[in-house]
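Subject: Structure handover

Hello,

Here is the structure we spoke about. Please open it alongside this note; my findings follow below.

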Amino acid sequence: MSSRLTLFLALSCGLILTNLYSTQPLLAEIAQDIGLEQAASGLIVTLAQAGYCCGVLFITPMGDMLENKRLMAVLLFGDALVLLAAGLVNGQSVFLASMFGLGLCTSVVQVLIPYGTGLAEDAVRGRTFGVLAAGAVLGIAVSRPLSSMVAGMFSWRAYFQIFAVLMAAVGLIFVRFLPAKHPSSTSAGYIGILRSMPLLLRDMPELRSRLLFMALVFFGFGMFWAAAPTFLKSELGYTQQDITLFSMASLVAPVCAIMAGRLTDRGLGFITASVAVVLSCTAFLLTPVFGFHAALFAVAMLLLDSGTHGASVVTQQTVISMRAEARSRLNALYISCMFSGGALGSAFGPWLYSSHGWTALSMTGVVVSLAAFGIHLWKNRQTTRGIL
């Protein structure tokens, strides 16, 4: 596992996850182009995230059974096909189906990260995981400004077509250059692995509370970003290029993720997650309290992305450390619950904004953040050490 291969895999993680959030700044244009009502535009993001959840739950466990390189290549080529379809079709049904397929294939990143860390030597395994995770977070951070920029220069369809070519190229590189990795066979088998996951939820109440906490945080995140582009256009008269500049606030996310991981290693996970939720809550309060100003909106984006990704890093590290023998399954449960919350928020946000306005959406975000903070405090009520 050379440093060059580690960097390439991290870049691949970023490119793959870029697709999952790229539609958020483009919802208004896509909905108008394919004839979808504006209030229902959140379904575009919702279906992509729902597909990702299904992929994490039902496809990524096969990484413990099948040769990893082949599995990843198949998913990457599938990703390229659905991206190409999304960039070419006009019908609502086919486009929405392609969004679900996009999310399904994007789950390959949850095979890629364990694959990369498995290739690393024990002495640098933690460092390798950190680099891959940073690449994934960076992909999420740049997805919205990148898609906005491409759509502003060309069209939203051009973005999908360009990334279809990129995913196919990454798949070919995987097939040609990556080393094969045959996982150890498991006696439980595929069905046994799937059946054990609900048992983990049943037998681990602490796991359930942490998953609910992160689902609520990500619900607010998805709700905000699904409605924000429409708000900026309709209320502030911003163009797609202007929205691109606002979306650059997401670039703070990788830095916050790295800082959150280091603070957690120092035993400050509880405090870090607490601050993260407070930042998210403050983001929703800014514009209703101080008015709809561009500077305040940029600060709100900055705070929300910082809080969401900081809470995510702390919670994920805690969840996958609960049982060493079940890390892959715990990670699958964590990712699926987090993105389920985000998918629901993405569907709810545009409807709430269209029906009741931005203030109602913001106050809903405050309530959701406070609920998450309450769960966070409750599940740590007996904790004597500062660890989430």
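**Salt bridges and other findings**

Arg-202 is exposed, because its relative accessible area is 56% and the cut-off for exposed is over 50%. Please bear in mind throughout that this is a predicted model.

Arg-202 has a partner. It forms a salt bridge with Asp-203, with the closest N and O atoms 2.8 Å apart. Asp-203 has 42% relative accessibility and so counts as partly exposed.

How many salt bridges does a search of the whole structure find? The search finds 3. The general idea is simple: side chains of opposite charge can pair when their charged atoms come close.

Another of the salt bridges joins Glu-206 and Arg-210, at 2.3 Å from N to O. Both residues lie in helix H10, 4 residues apart, which is about one turn of the helix. Glu-206 is partly exposed, at 41% relative accessibility. Arg-210 is buried, with a relative accessible area of 3%.

Asp-33 and Arg-157 also form a salt bridge, and here the closest N and O atoms are 3.5 Å apart. Asp-33 lies in helix H2 (residues 27-34) and Arg-157 in helix H8 (residues 156-177), so this pair ties together parts that are 124 residues apart in sequence. Asp-33 counts as partly exposed, at 40% relative accessibility. Arg-157 counts as buried, at 13%.

**The chain as a whole**

Now the overall picture. The protein chain has 16 helices and 0 strands. It has 388 residues, and 54% of them count as buried. The chain exposes about 15900 Å², and carbon and sulfur atoms supply 66% of that area.

Take the contacts between residues at least 6 apart in sequence: 84% of them join residues at least 24 apart.

**Buried positions**

Helix H6 (residues 109-119) is mostly covered, with 8 of its 11 residues buried. Which residues of H6 are buried? They are Val-109, Gln-110, Val-111, Leu-112, Ile-113, Tyr-115, Gly-116 and Thr-117.

Ser-346 is found in helix H15 (residues 327-356). Is Ser-346 buried or exposed? Ser-346 is buried, because its relative accessible area is 0% and buried means under 20%. What does Ser-346 touch, leaving aside residues up to four places away in sequence? Its contacts are Gln-24, Gly-42, Val-45, Thr-46, Gln-49, Gly-222, Met-223 and Ala-226.

Phe-231 sits in helix H10 (residues 205-234). Phe-231 is buried, with a relative accessible area of 1%. Phe-231 and Pro-350 are 119 residues apart in sequence, and their C-alpha atoms are 9.4 Å apart in space.

**Cysteines**

How many disulfides does the structure hold? The count is 0. Two cysteines to check in the viewer are Cys-105 and Cys-281. Cys-105 counts as buried, at 12% relative accessibility. Cys-281 also counts as buried, at 11%.

Leu-285, Val-289, Phe-290 and Met-363 make a nonpolar surface patch of about 370 Å². Helix H13 (residues 269-290) gives the largest share of the patch, with 3 residues. Leu-285 lies in H13. Leu-285 has 31% relative accessibility, so it counts as partly exposed.

**Confidence**

The mean pLDDT of the protein chain is 83, and 90% of its residues reach 70 or more. Residues 382-388 have a pLDDT below 50. Beyond near neighbours in sequence, that stretch has 18 contacts in the model. Where pLDDT is low, the predicted coordinates should not be read in detail.

**Where to start**

For a quick tour, begin with the salt bridge between Asp-33 and Arg-157, which ties H2 to H8.

Best wishes

Technical notes. Residues are numbered from 1 along each chain as its sequence is written. This is a predicted model: local features need pLDDT of at least 70, side-chain atom pairs count only at pLDDT 80 or more; totals for chains, interfaces and linings use all residues. Side-chain values use heavy atoms; hydrogens and water are left out. A disulfide is a pair of cysteine sulfur atoms within 2.5 Å. Buried means under 20% relative accessible area, exposed over 50%, partly exposed in between (1.4 Å probe, protein chains only). Helices (H or I, at least four residues) and strands (E, at least two) are DSSP runs, numbered from the N terminus. Contact means heavy atoms within 4.5 Å. Accessible areas come from the Shrake-Rupley method with a 1.4 Å probe; for residues, only the protein chains shown count as cover. Patches are made of residues with over 30% relative accessible area and no salt bridge: like charges are joined within 9 Å, nonpolar side chains (Val, Leu, Ile, Met, Phe, Trp, Tyr) within 5 Å. A salt bridge is a side-chain nitrogen of Lys or Arg within 4 Å of a carboxyl oxygen of Asp or Glu. pLDDT is the predictor's confidence in each residue, from 0 to 100.
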